[in-house]
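Reader: I would like to learn how to read a sheet and a helix in a structure of this kind. Could we go through it feature by feature?

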Amino acid sequence: MEFTFSVFILLLASLSLVLGQDAAFWNNQARDSIQKALERELNIGEAKNIIFFLGDGMSVPTVTAARIRQGQLKGETGEENILAWETFPHVGLIKTYNTDAQVPDSAGTATAFFSGIKTKSGVVGIDDRVEYADCESGVGGEVDSVLVNAHNIGKATGVISTARITHATPAATYAHVAKRGWEVDTEMIEDGEDGKGCKDIALQLIEDNSFIKVILGGGRRMFYNNTELDPEDPSDRGNRTDGRNLIEEWQEGKANAYYVWNKEQFDAIDEDTTDYLFGLFEDSHMRYASESEEGNDPSLASMTEKAIKMLQKEEKGFFLAVEGGRIDHAHHAGNAYNALGDAIAMSDAVAMALEMTSDSDTLIVVTADHAHTMSIGGYPDRGNKILGLAGYFGSDDLPFTTLGYLNGPGAEEVRQSYSDTGMRPNLTEIDTEDKDYLQQAIVPLSSESHGGDDVAIYATGPMAHLFHGVQEQSYIAHVMRNAGCYDETDTMNACLNLNSASSNIPSALRVSLMALLSAMITYFF
């Protein structure tokens with residue numbers, strides 16, 4: 001990659017730790033930042049490629065804490081560190097509510113940013129007419145995702161997740177269901193919704209979306225029958241009861257198509273001679289980044305790398321969706337260690353994508369679907385361990401951690417300690433940086449809840465400047481469609497309007513018109 005201004009600022013920040021941080025340092029840094037902003041030119045070209053990164057549950061405090069944690073793991077104080085997407089020139093805020101929920105779930109949010117419409121909590125790929133868990137109510141309300149839009153104009157497509165590939169976020173790239181839990185036929189049978197014309201999510205992936213070139217994630221059990229043993233753990237079986245092995249069905253009729261279920265097989269794949277790749281690395285979700293070396297799981301960065309190498313073979317370009325799905329799961333467990341670890345793993349994946357693509361023709365977007373209740377508090381000194389104690393005491397004269405949760409499993413220890421001693425647990429001798437430590441919480445819940453905060457969105461590449469201000473989550477899909485010229489029916493699409501008569505428009509005028517149309521879209525939408 002080129003030596004970027006952001007890297008320069010990072011070096012300046014690191015150098016400041018040695019030379020000091022006097023007024024001249026901060027004044028010079030600010031002047032440099034202003035000058036860079038003044039010199040920045042809008043990229044109003046067409047996005048040949050789009051890579052969409054989604055950190056599930058990656059709230060703004062999660063980003064901040066992951067930034068510090070990554071820096072501290074490198075031996076720095078941490079605050080001066082920069083995650084891969086924090087070098088991006090365009091940043092905004094996204095409102096995450098569902099049509100029926102102030103605090104959203106991942107199905108309704110994924111439908112918003114992939115399909116461009118908001119819908120109910122728990123619903124995948126169907127508009128608000130649907131009633132949750134009612135198969136027939138969603139008929140006619142199905143909405144296509146940007147991945148499907150990209151395929152329809154000849155682009156290669158891929159979807160990656162560290163969660164089950166049938167989980168809410170990846171499912172929203174290809175499926176339409178009234179209940180996100182319908183990942184497999186048995187779950188529809190339990191709800192009495194089988195035989196009503198709807199398909200489970202795994203079946204939709206294989207029967208209706210076999211065009212997807214790269215599919216990588218977890219969730220093997222959704223794709224084979226309950227009479228078949230799991231290849232990694234013979235004590236596990238498939239979850240299907242329809243007698244079908246969807247993995248074998250996926251391979252039928254495809255040339256140069258390979259299924260892999262462990263890291264060794266994955267690493268052996270030759271991207272040049274592989275046209276289709278299906279990888280399911282765990283029975284359920286993939287392991288946390290901190291545990292991936294213990295099992296058969298490739299890293300999110302390596303999956304991103306292999307996917308890009310395969311998809312880049314398509315001359316028309318590609319669309320790739322990448323989810324760091326287990327940030328969310330760690331937060332639900334009240335475990336900041338793994339939440340930050342998986343956020344850092346996603347930063348590594350974004351860095352890989354930046355290294356392998358060009359800003360001139362590839363739009364890269366990074367955002368989250370929703371927040372969590374983790375906060376950063378107390379008065380820790382600069383460089384204090386982000387997973388450590390805050391260096392400050394409560395009115396009960398007991399220490400507390402810098403990171404804490406409003407609710408979740410970590411409240412149970414607090415509740416029990418109050419019951420036994422009338423005080424919070426004393427953390428003085430506790431290793432709060434241990435990977436299994438659960439941060440203290442206020443309200444006891446078996447699973448910590450989502451948060452209703454706005455989330456940040458970061459973008460670089462063609463039309464990235466359209467990500468600005470405070471926007472609805474559904475806005476995201478429309479920007480990607482515009483940038484990649486995906487929507488042939490959208491009269492506001494700058495690419496369509498100009499490309500339809502491009503041979504008759506001088507290049508200088510064409511650029512001016514694109515800038516004008518871009519400004520109109522930004523103003524009106």
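Author: Two strands are taken to pair if DSSP finds at least two bridges between them. In this predicted model, three strands form an open sheet in the order S10-S13-S14, with mixed pairing. The edge strands are S10 (374-376) and S14 (441-444), each of which pairs on one side only. Neighbouring strands of this sheet are turned by 20° against each other on average, direction ignored.

Reader: In which sense do S10 and S13 pair, and over how many bridges?

Author: S10 and S13 (residues 403-408) are paired in the antiparallel sense, over three bridges; Ser375, for example, has Gly404 in S13 as its bridge partner.

Reader: Which helix packs on the sheet, and which strands does that helix touch?

Author: Helix H3 (residues 60-73) packs on the sheet, where H3 touches S10 and S13, and the direction of H3 makes about 55° with that of S10.

Reader: Turning to helix H8, why can it be called largely enclosed by the rest of the structure?

Author: A residue counts as buried when its relative accessible area is under 20%. Six of the eight residues of H8 (residues 201-208) are buried, and therefore the helix is largely enclosed by the rest of the structure. The buried residues are Ile201, Ala202, Leu203, Gln204, Leu205 and Ile206, and what covers them includes helix H6 (168-171), strand S4 (214-218), helix H9 (246-251) and strand S6 (276-280).

Reader: What does the side chain of Asp200 reach at the start of H8?

Author: A side-chain oxygen of Asp200 comes to within 3.2 Å of the backbone nitrogen of Ala202, and Ala202 is itself one of the buried residues of H8.

Technical notes
Residues numbered from 1 in each chain as written. Predicted model: local features only at pLDDT ≥ 70, side-chain atom pairs only at ≥ 80, totals over all residues. Heavy atoms only, no water. Buried < 20%, exposed > 50% of the residue type's maximum accessible area, 1.4 Å probe, protein only. Helix = DSSP H or I, 4+ residues; strand = E, 2+ residues; numbered from the N terminus. Contact = heavy atoms within 4.5 Å. Polar contact = N/O pair within 3.5 Å; in protein donor to acceptor, adjacent residues only side chain to side chain. Axes fitted to C-alpha atoms, helices over the stretch in contact; angles between N-to-C directions.
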